[in-house]
Amino acid sequence: MQHKPVLVTRSSLPDLEEYVKEIKPIFDSAWLTNMGPVHQKFEQKLENYLKVPNVSLFCNGHLSLFIAIKALRLSGEVITTPFSFASTTHAIADNGLRPVFCDIDPDTYTLDPQKIESLITRHTTAIIPVHVYGNVCNMEVIESIAKKHNLKVIYDAAHAFGVEINGEGIGNFGDVSMFSFHATKVFNTIEGGALTYRDKALKDLLYNLKNFGITSQTTVEDIGTNAKMNEFQAAMGICNLRHVDDEIKKRKRIVERYWEHLENIPGIKLNPQQQGVKTNYAYFPVVFDEKAFGKSRDQVVDELAKEKIFVRKYFYPLINDYECYRSIYSSKATPIAKEIADSVVTLPLFADLELNIVDEICEIILQ
Ligand SMILES: *Cc1c(COP(=O)(O)O)cnc(C)c1O
């Protein structure tokens, strides 16, 4: 079949003219970074869009998560999932804390709350769950456990931009939520990230921590870092925010097309549709049960690659199998996460993916 290589994702961009118009004032004022007017405007627009009381912007999602952990003054151990992107665990370990891996729920791929309590010790100070693929964690149970044991909760919501549950923005839960605006995400600012939180008192601290801990010309109160979002990133965010609802609508059509082809096929498990959740169609994960389907995940990946369709084993390997962690951890301790990591692929999904390519991808899989 004749087509250009199809990658798993493609970054959303506004029209060039739209972006040029947005960055014109930056050229006029020569105020390029350090929380300028475009940064401020974007922060407010995001508070509206995400339906949250407070947003703080950062140069990327990872450093915002790193700073959230620092701001909450966590110590000791943090319970988290191995079924995530490297960032989640690295942000914990890089803060000098010990990540403790908890297994996941086989249907939503998010932290299994039934398995959290047995991992809590007197050193535990927080839980960091991930809204994997935009699937909402079992927040009710997670937060009741946190409350009972006096633990903080930080959600890695990198996949969950614009997701709502019963009309409420996903960024309103736990102590803090982290969003990523990396080029590959549903919504991007080239690189970028944000924290959302209900406690307004965090605002100044987060501001200081992303700006070297500097609180005035002569005072440096904290050992901060440099994680500021610049004006050009914020301008990209303002442009992309105008179009994100349309982009999500287009993603929905593609996801529906995938469902038409792949629903009810023995050995193929599709991502659940959650009750009361407004989703963002961020990813299209498919789990292959080799026995029932007849082919392994890796065989499917190879067949697709022969036709120049490049999918991603996302998330594989599990974080507790990474070279930098595996001498201390074993993925045997999280068997469900291990099984999913060994059998999942995410299929190509981006707003401008053509439906006939979706048809072709499904045809190859089903052959
Ligand atoms: C993308 C991502 C991050 C990190 O975001 P960056 O903006 O790339 O730093 C963290 N966690 C998860 C689950 C992600 O997918």
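**View 1. Helix 3 packed against helix 6 in the predicted model.** Helix 3, formed by residues 61-71, packs with helix 6, formed by residues 202-209, at an angle of about 125°, and their axes lie 10 Å apart. Angles over 145 degrees would count as roughly antiparallel and those from 65 to 115 as roughly perpendicular, and helix 3 and helix 6 are therefore described as oblique to each other. In passing helix 6, helix 3 makes a right-handed crossing.

**View 2. The residues that join helix 3 to helix 6.** From helix 3, the contact is made by Ile 67, Lys 70 and Ala 71, while helix 6 contributes Leu 202, Leu 205, Leu 206 and Leu 209. Sorted by class, the contact of helix 3 with helix 6 holds six nonpolar residues and one charged residue, with no polar residues.

**View 3. The crossing of helix 7 and helix 11.** The axes of helix 7, which spans residues 231-262, and helix 11, which spans residues 355-366, come within 10 Å and cross at roughly 30°. Because angles under 35 degrees count as roughly parallel, helix 7 and helix 11 are described as roughly parallel to each other. The crossing of these two helices, helix 7 and helix 11, is right-handed.

**View 4. The residues where helix 7 meets helix 11.** On the helix 7 side are Arg 253, Ile 254, Arg 257, Tyr 258, His 261 and Leu 262, and these meet Leu 355, Val 358, Asp 359, Ile 361, Cys 362, Ile 365 and Leu 366 in helix 11. By class, the contact of helix 7 with helix 11 divides into nine nonpolar, one polar and three charged residues.

Technical notes
Residues are numbered from 1 along each chain as its sequence is written. This is a predicted model: local features need pLDDT of at least 70, side-chain atom pairs count only at pLDDT 80 or more; totals for chains, interfaces and linings use all residues. Side-chain values use heavy atoms; hydrogens and water are left out. Axes are lines fitted to C-alpha atoms, for helices over the stretch in contact, and angles run from 0 to 180 degrees between N-to-C directions. Helices (H or I, at least four residues) and strands (E, at least two) are DSSP runs, numbered from the N terminus. A crossing is left-handed if the near helix is turned anticlockwise from the far one by less than a right angle, and right-handed if clockwise. Contact means heavy atoms within 4.5 Å. Ala, Val, Leu, Ile, Met, Phe, Trp, Tyr, Cys and Pro count as nonpolar, Asp, Glu, Lys and Arg as charged, and the others, Gly among them, as polar.
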